[in-house]
Amino acid sequence: MSDPEILTENDTASERPPDPDHRLGVPDDGDGLRYPMEAVPEPGTMLEVADGLYWVRMPLPWSLDHINLYLIDDGVADQGGWALVDSGVRSDEAMDHWRTIFTERLGGRPISHMIVTHHHPDHLGLAGWIADEFSAPIHATRSAYFLARSLLLDVREEAPQEALDFSRRAGFTPEMVEKVRVGGWGNFSRIVWPLPVGYRSMAGGDVIRLGDTDWHIIETAGHAPGHACLYSPERGILLSGDQVLPRISSNVSVYPTEPYGNPLEEWLVGLARLRALPKDILVLPSHNEPFYGLVARLDALIGKHVSRLNGVVDLCATPRSAVEVFPALFRRRVRGMEFAMATGEAIAHLHFLEALGVVARRERDGVTRFERIADYDEAGLRARLAAITEEERERAPWKA
């Protein structure tokens, strides 16, 4: 297989357009949700979604072609500035849209706080530029900020040996590994503006006061280390970042930077913790549209991942590499730029099952394959996640 493509579920190149896959969502993902906004903001504009809280949408140069960003009025009686949650990717187009907003939409008041939910380029790509423009502090978790700074500094003409070994262990062919090698290393720096030396650290349990509202930081992980959500119990609003999206499922992947990590465990625990929030709050996600129905969406996300682990376990009756378990996870062909992301997600599911003691790794000829050694207890996993929800509900700082 010289081309990075895998055909699953008996697909062929001549068949109908591919169905949605696990990462991009399935048709019933939106069941039980309500979308209160009748319009989507055009780039360069702001749309009020709640009193003093505005929705901005910026274009992205990928198949997921947009990101939602949020401006919170940080002033009292028209004094002070604006807090911005996430920035968009570094691009001339996005910078032009921001300049329009800065000059025409903010009433002459500056950005006072640049808040970053996590380190991915579509979220902090322009955070450094905006911080420079307004002398505004960047607020981020320690994991997010220093991971971003390290990625900015690590630029190489060829991919490092660890990345090649990672790809080989996952089941890439020699031709595919060679494509990884010559693809270089350090593309992060091309779409992320340089960051300031200093920042303001935030962590789960912290409270940030913006205007007359307290926002509680709920730190999750799995999609990205140190991912932060912002929750106002007073206003019944959750800025969910990429942790909870209404129509698509966040990518949860293992990467060469943490090749033996277990991000799916972290992500599922984060979802279970968020289930402790009230059902009727307004969720402002980083992609798709604002919605009501948080618990219904969390149940769907947890259920989909927990259920599909059964298919991975079944395949592993015969030792399987990461790329060999794609049919259990993805409902369409995986190819091109999506292949690396799908590989990372497949590894995440295998590492999760390994941590549960359901599969064991077998190393041969530089390839890691996973073999089933025990039964998968789906009911037990669901019960454990439900217990996490109850624990979070009992100890929530806003409970009183």
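**Cysteines and overall form**

Guide: The model is a predicted one. C229 has a relative accessibility of 0%, so C229 counts as buried, the limit being under 20%.

Visitor: And C316, is that one buried or exposed?

Guide: C316 is buried, because its relative accessible area is 0%.

Visitor: How many disulfides does the structure hold?

Guide: The structure holds 0 disulfides. For reference, a disulfide is a covalent bond between the sulfur atoms of two cysteines.

Visitor: Changing topic: what does the secondary structure come to?

Guide: The chain has 11 helices and 17 strands.

Visitor: What radius of gyration does the chain have, and what would a compact globule have?

Guide: The chain has 21 Å, and a compact globule with 400 residues would have a value near 21 Å, so the two agree. The C-alpha trace spans about 65 × 50 × 40 Å along its principal axes.

Visitor: What share of the residues counts as buried?

Guide: Of the 400 residues, 53% count as buried. The chain exposes about 17,300 Å², and carbon and sulfur atoms supply 50% of that area.

Visitor: What about contacts between residues at least 6 apart in sequence?

Guide: Among those contacts, 69% join residues at least 24 apart.

Visitor: Last topic, charges: how many are positive and how many negative, and how far apart are their mean positions?

Guide: There are 41 positive and 60 negative charges in the chain, and their mean positions are 3 Å apart.

Definitions and conventions: Residues are numbered from 1 along each chain as its sequence is written. This is a predicted model: local features need pLDDT of at least 70, side-chain atom pairs count only at pLDDT 80 or more; totals for chains, interfaces and linings use all residues. Side-chain values use heavy atoms; hydrogens and water are left out. A disulfide is a pair of cysteine sulfur atoms within 2.5 Å. Buried means under 20% relative accessible area, exposed over 50%, partly exposed in between (1.4 Å probe, protein chains only). Helices (H or I, at least four residues) and strands (E, at least two) are DSSP runs, numbered from the N terminus. The radius of gyration is taken over C-alpha atoms; the globule rule is 2.2 Å times the number of residues to the power 0.38. Contact means heavy atoms within 4.5 Å. Accessible areas come from the Shrake-Rupley method with a 1.4 Å probe; for residues, only the protein chains shown count as cover. Lys and Arg count as positive and Asp and Glu as negative; His and the chain ends are not counted. The place of a charge is taken as NZ of Lys, CZ of Arg, CG of Asp or CD of Glu.
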